[in-house]
Amino acid sequence: MRKIYILVVFTLLFASCENKKKDTAVNLNDSRKLSPKEWTKKKNVNSKSKAILEKWPEFNAFDTSFDALYSVSNIEDLTLVIETLIEKQKLLEKSKYPKEFNLPEIKGRQKVVKTFMLKVKGDIEYSEDTKSSIKDMIKAYNALRNQFNVILNNTFDKSLILEE
């Protein structure tokens, strides 16, 4: 009787381990595919901001590279796009900002975008699920683009509260 009990336990143990291996393989294949259609689209900037941003070549290069994010279909494509974005972001950080956008508000938003780009890169390197990180990065980028609009539409005179 004891031998039958041990045989049943080992059989169940091997059967349960085998199913987990198959499930893991299926999950890895599913996480390697990406669906950019689910992601939030880029926010538009208003005409005032657009006129200034068109004269800022480093931002235009970064913005064009960000558009490539919506054409990725797998992790390998995403890796290339993220690497390009990080390089363009470094150039943007070192560039000469337009007078209207040379503010801590813009630079702070840009650092947040950089942080989320690095988070996506880390998720790729450690084979983690990148969906939430990508959505956070897009949200941060949209906040940066929205900040351009906020700055130019702001009618409050800062000299009223600042001592200069």
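The model is predicted, so local features need pLDDT of at least 70 and side-chain atom pairs count only at pLDDT 80 or more, while totals for chains, interfaces and linings use all residues. Residues are numbered from 1 along each chain as its sequence is written, and side-chain values use heavy atoms, with hydrogens and water left out.

Searching the whole structure turns up nine aromatic pairs; rings of Phe, Tyr and Trp (its six-membered ring) pair if their centres lie within 6.5 Å, with planes under 30 degrees apart called stacked, over 60 edge-to-face and the rest tilted. Phenylalanine 62 and phenylalanine 66 make a tilted pair, because their ring centres are 6.5 Å apart and their planes sit at 45 degrees. The two are four residues apart in helix α3 (residues 57–67), so about one helical turn separates them. Helices here are DSSP runs of H or I, at least four residues, numbered from the N terminus. Phenylalanine 62 is buried at 1% relative accessibility, and phenylalanine 66 is buried at 0%. Buried means under 20% relative accessible area and exposed over 50%, with partly exposed in between (1.4 Å probe, protein chains only).

Over in the loop between α5 (104–125) and α6 (131–153) is serine 127. Its relative accessible area is 53%, so serine 127 counts as exposed. Its phi is near 55 degrees, a positive value in a residue other than glycine. Most residues other than glycine have a negative phi.
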